Amino acid sequence: MTESLHYYPGHFHKASDIIPGTTSSGGGGLLVFIKNGKAVHQSEAWGGYSKKITDPAGGADYTPTPTGRFVLENPAAYRTSSWLMSQIKWGTPIKDVPSERNLAEDAKTDVWYRLSSGKWASVSKDFGIDRKFIAKTYYDLYQLKGIPKTWIFNAFGPVAIRYFRDLNGNKKRDKNEPLDGSMFHTTAENEAELKLGKTIDMTNSHGCIHLNPADRAQLTGMKAFRGGMDLVIHPYNKKYTP
Amino acid sequence: MINAMKVIHNILFVCFLLTVTNCVAVTGTTQHNSNPSNINHIGLFENGKLIVIGKDNKYQIGKFNGIWSKKFPLQKTGLDFVNFTLSSDKGVFLIGGLKHKSEETLVYYRGRTVLIDNDNNLINKWDYDSTFNSAELFNGDVVGSTGNNIYRLKKDGKTDLIHKRNRKTLISIVLDENGNTIICNPRTARKVNTLTSKFGCYKGSEWDFNGRWYDSTNKYHTEPVRCGKWLIEPVQNGFNKDITGLKVRDLNTGKLINERTVSGVNRFLCINNKSIIVNTSLTSYSLPDLKPAESFSCHGNEPVKSIMNFGELTACLTEQGNIGKLEAKHKK
């Protein structure tokens, strides 16, 4: 049985979708899961823009999703210091600071998060994010005041599915085969939209491949996202034809 | 009657026994003449009285350097907490919320505003889905934004939903001179697509501009504010970075009138609709030219968190939780 994932980042791009002031196009791509030569799942997934765009506000560049042949690693929660809210893994338990529990809402300053050791540490001290900002973000995404029980703000969602160029074809990541900077993941915004039953508003990424959370769940159930799975990311100008 | 006499007698007796110099008894209520401290919010009444809400969630009404009521629990007003206040000739609007539901250690909140007069009477109350992050007064009505929805709180106690958010980040509200809504939203440190999202302010379909201020932690107050005929917009170079510039726009057209660089600023406030004061140096800048005008002091030289003015009186609250009169030190 042969299985592989194919991603066509420019599948839904149109000439009319050129980003003003650039020659780059945006829009959705198509992810196809093929089993024994048959497409068993197709879903929209949004990669990067077709050409690099510098963020006029000074943020990270928007780069195209790298094309080529890759091999997947197993899904795992992702953490990075590059993005403010992604410094804590999705699902990490959080709670009010016990000494602040009876204070007025806006007098509370901090939130604790649970370390892997089981001890609790300060989000404010470790990451510079105070309780007000966490509560605002929670309200922004979920329209609920207060703070959630777990960290649900990581920009990469509950798990990221990373991949690498398998230079020697052994389906294992060797020392000279680093993980690609691009990866499959959902977004905190899309996870919230799914939870609230809203329309999923997919957006182009900085180079990763944004999955609809429902598609991630379905493809995970189909065991498409598992270590060793082949992935081909096609050029932007190639459209999928069954 | 006899019981009431006993209460007054007992209070006088206790005050006498304790030889507390700042304790007097009037109509059964213990009062104090030292200014309260550890304050989170202030509101100013037309007659110069203040309402102060402490970090302990209790409030007092009184005059600066004058007589203060005893502390009342905030729950007496029907609120669990206050976010900010607005002053009007009818009283002070306490804008906050109340606990909606609890789950284990987590508590969720709904929005509530109450109008209270300087005799501690509750005059009106409004409930809505969530707490306001910004609000202004127009013709005696509070118009406020929850970040997602904008409501008008009408004098009959009803609320009108007048706008729903259509931008990526939470919205705040400013009203122009005719009560039209100007909607603003900040940039975000979250990993969202900034190319397809709008961050700035707009007034209906009349005008909009891109802004460069960020959603922030409690250290910064970065929403644009109205000051007289002007809209004051901060400039930041990133999340949790100091405000590096101030821009003055015409409130009716959104047109940029003036801008200047500033440093070490994390909050700016409007004084008497005529000038802007920055919280750290307590320097004011006249509008719309943004020229340095005066230096102020509030409880020594503590950084100012909020100011309220009514006529000639301008009360201030410092970030340390002390109250004072905002007073000009000298002309620049």
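Me: Why is the pairing of D140(A) and R190(B) called a salt bridge?
Reply: The model is predicted. In it, nitrogen and oxygen of these two side chains are 2.9 Å apart. The cut-off is 4 Å between a Lys or Arg nitrogen and an Asp or Glu carboxyl oxygen, so the pair qualifies. Side chains of opposite charge can pair when their charged atoms come close.

Me: How many salt bridges does the rule find across the interface of chain A and chain B?
Reply: Five cross that interface. Over all chains, the count is 24.

Me: What makes D215(B) and K136(A) a salt bridge, and where do the two residues lie?
Reply: Their N to O distance is 2.5 Å. That is within the 4 Å limit, so the label holds. D215(B) sits in the loop between strand 18 and strand 19 of chain B, and K136(A) sits in helix 2 of chain A, so the pair joins two chains.

Me: What makes up the contact between chain A and chain B?
Reply: Chain A supplies 44 residues and chain B supplies 43 residues. About 3600 Å² is buried between them, with 51% of it from carbon and sulfur atoms. On the side of chain A, Y139(A), D140(A) and K145(A) lose the most area, together 18% of what that side buries.

Me: How many residue pairs are in polar contact across this interface?
Reply: The rule finds 14, counting pairs with both residues at pLDDT 80 or more. Helix 2 (residues 131-142) of chain A gives the largest share of the side of chain A that touches chain B, eight residues. That side divides into 21 nonpolar, nine polar and 14 charged residues.

Me: How do you know that the peptide bond between L287(B) and P288(B) is cis?
Reply: Omega is about 5 degrees there. P288(B) lies in the loop between strand 25 and strand 26 of chain B.

Me: What makes N240(B) stand out?
Reply: Its phi is near 55 degrees, a positive value in a residue other than glycine. Most residues other than glycine have a negative phi. N240(B) is in the loop between strand 20 and strand 21 of chain B.

Methods: Residues numbered from 1 in each chain as written. Chains lettered and ligands numbered in written order. Predicted model: local features only at pLDDT ≥ 70, side-chain atom pairs only at ≥ 80, totals over all residues. Heavy atoms only, no water. Contact = heavy atoms within 4.5 Å. Buried area = accessible area lost by both parts, 1.4 Å probe. Polar contact = N/O pair within 3.5 Å; in protein donor to acceptor, adjacent residues only side chain to side chain. Helix = DSSP H or I, 4+ residues; strand = E, 2+ residues; numbered from the N terminus. Nonpolar A, V, L, I, M, F, W, Y, C, P; charged D, E, K, R; others polar.
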